[in-house]
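Here are my notes on this model, as numbered points. Please read them with the coordinates open.

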Amino acid sequence: MFTYRKKILDLSRAFSSWVGKQSVEVINVPFSGGQTKKGVDLAPNFLRDVGFYGRLKNIGLKLSTAEAIDLEHQDSEHQPEVYVHNQLVKNPTTCGHVSRQTADAVFKALKEGKTAIVIGGDHSIATGTTFGHYLFNKNTCLLWVDAHADINSPLITTSGNIHGMPVSWIIKGFPSFPVVPGYEWVHRCIPPSKIAYVGLRDVEPQEQKLLNDLGITAFYIKDIDELGIVTTMQKALEQISPNNECPIHVSFDIDAMDPEVAPTTGTAVRGGLTLSEGLYIAQAVAETGKLQGLDLVEINPRLGDGIEALRTAETGMQIVEAMLGKHVKIPEEDLIPYNEAIKAKSNK
């Protein structure tokens with residue numbers, strides 16, 4: 001039986017042979033319509049311009065880029081941009097159209113034997129990324145790294161921003177709601193037992209109820225402070241992929257990270273993951289050898305100053321590199337559970 005290490009102080013497994021054979025496809029989705037802050041659509045080009053592609057090649061990956069995603073809704077029937085059951089929902093037809101194009105791009109990359117690396121853009125695109133992974137392999141499991149649960153229903157959302165709803169279209173057992181224009185193509189496909197959240201700290205009451213009712217595994221920052229990131233990842237991976245048997249799709253929202261290391265994101269929340277914790281998550285996934293693809297979303301270079309935008313991009317790029325097999329030595333003390341470290345200091 002596959003077991004996860006309870007203590008990993010130096011993830012020194014040799015990934016070089018795996019990385020050298022790995023082909024990856026970068027799928028850029030410069031879309032901001034799932035929320036209201038402009039600038040998140042600039043992230044794919046910003047990462048490219050600060051050397052993201054070269055860094056992937058430097059760790060031995062065979063890199064290709066997908067054709068541009070069609071960001072404009074061109075339905076001949078001219079569906080209205082309105083959800084009659086809750087008119088707060090913003091841009092449903094366009095969001096659904098972009099997610100569908102993203103699903104197609106992910107499926108195509110996977111079918112060609114490549115790891116799908118999706119760079120957003122806002123998190124509304126994750127309905128498409130997840131569905132694309134599911135279409136390729138029905139046994140896919142999902143690790144959702146985020147400060148937010150993104151599991152609002154279009155019927156109950158109070159903001160109307162679809163980047164807070166992508167999970168509602170993909171989780172089996174989710175309370176039904178009338179079809180949203182633009183989302184006719186998707187159906188619920190991921191069992192609640194095959195999704196785990198890591199990094200939550202800003203969850204609305206109605207989302208908390210949905211998580212509880214569906215029995216979804218969720219690790220809040222307070223849980224990580226108590227358990228430590230090593231045990232948290234052990235439990236999360238064992239939950240969604242018992243015996244390491246399932247391909248893994250990781251949807252990583254940069255706002256899971258603390259604003260100290262990722263300040264330029266639209267919904268930053270204090271008290272997030274440290275850089276070492278983010279890198280550990282990435283390396284733990286890489287160690288399974290089961291990564292099928294990942295999303296990196298919600299980097300917004302327009303927020304903050306240039307230095308802060310670069311810091312956020314650097315954090316995101318390091319996490320992607322580590323998830324794709326680049327070894328990073330994480331200091332042992334950074335992996336000690338926060339509450340344990342505080343207790344030890346107070347006893348000195």
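This is a predicted model: local features need pLDDT of at least 70, side-chain atom pairs count only at pLDDT 80 or more; totals for chains, interfaces and linings use all residues.

1. Asp150 is buried, at a relative accessible area of 6%. Most residues other than glycine have a negative phi. Asp150 sits in the loop that runs between β4 (141-145) and β5 (195-200).

2. Asn244 is another non-glycine residue with a positive phi, here about 55°. Where is Asn244 placed? The loop between α8 (229-240) and β7 (248-253) holds Asn244. Is Asn244 buried or exposed? Asn244 is buried, with a relative accessible area of 9%.

3. Check the peptide bond from Gly120 to Gly121. This bond is cis, and omega is near 15°. Most peptide bonds are trans. Gly121 belongs to the loop between β3 (115-120) and α5.

4. Next, the helix pairs. Helix α9 (residues 275-288) packs on helix α10 (residues 306-323) at an angle of about 25°, and the axes are 7 Å apart. Angles under 35 degrees count as roughly parallel, so α9 is roughly parallel to α10. The crossing of these two helices, α9 and α10, is right-handed.

5. Which residues of α9 and α10 meet? From α9 come Leu275, Gly278, Leu279, Ala282, Gln283, Val285 and Ala286. They meet Thr315, Gln318, Ile319, Ala322 and Met323 of α10. By class, the contact of α9 with α10 holds eight nonpolar and four polar residues, with no charged ones.

6. Helix α4 (residues 92-111) and helix α5 (residues 126-136) cross at roughly 35°, and their axes come within 7 Å. The α4 and α5 crossing is right-handed. On the α4 side, the contact residues include Ser99, Ala103, Phe107 and Lys111. On the α5 side, Thr127, Gly128, His133 and Phe136 are among them. The residues of the α4 contact with α5 are six nonpolar, seven polar and one charged.

7. The largest nonpolar core has 54 residues. Leu143, Val198, Ile229, Met233, Val250, Met323 and Leu324 touch the most other members.

8. What does Val198 touch, leaving out residues up to four places away in sequence? The list includes Leu143, Trp144, Val145, Phe219, Ile229, Met233 and Ile281. Asp146 and Thr232 are also among the residues touched by Val198.

Note on methods:
Residues are numbered from 1 along each chain as its sequence is written. Side-chain values use heavy atoms; hydrogens and water are left out. Axes are lines fitted to C-alpha atoms, for helices over the stretch in contact, and angles run from 0 to 180 degrees between N-to-C directions. Helices (H or I, at least four residues) and strands (E, at least two) are DSSP runs, numbered from the N terminus. Angles under 35 degrees count as roughly parallel, over 145 as roughly antiparallel, 65 to 115 as roughly perpendicular and the rest as oblique. A crossing is left-handed if the near helix is turned anticlockwise from the far one by less than a right angle, and right-handed if clockwise. Contact means heavy atoms within 4.5 Å. Ala, Val, Leu, Ile, Met, Phe, Trp, Tyr, Cys and Pro count as nonpolar, Asp, Glu, Lys and Arg as charged, and the others, Gly among them, as polar. A nonpolar core is a set of buried Ala, Val, Leu, Ile, Met, Phe, Trp, Tyr and Cys residues joined through side-chain atoms within 4.5 Å. Buried means under 20% relative accessible area, exposed over 50%, partly exposed in between (1.4 Å probe, protein chains only).
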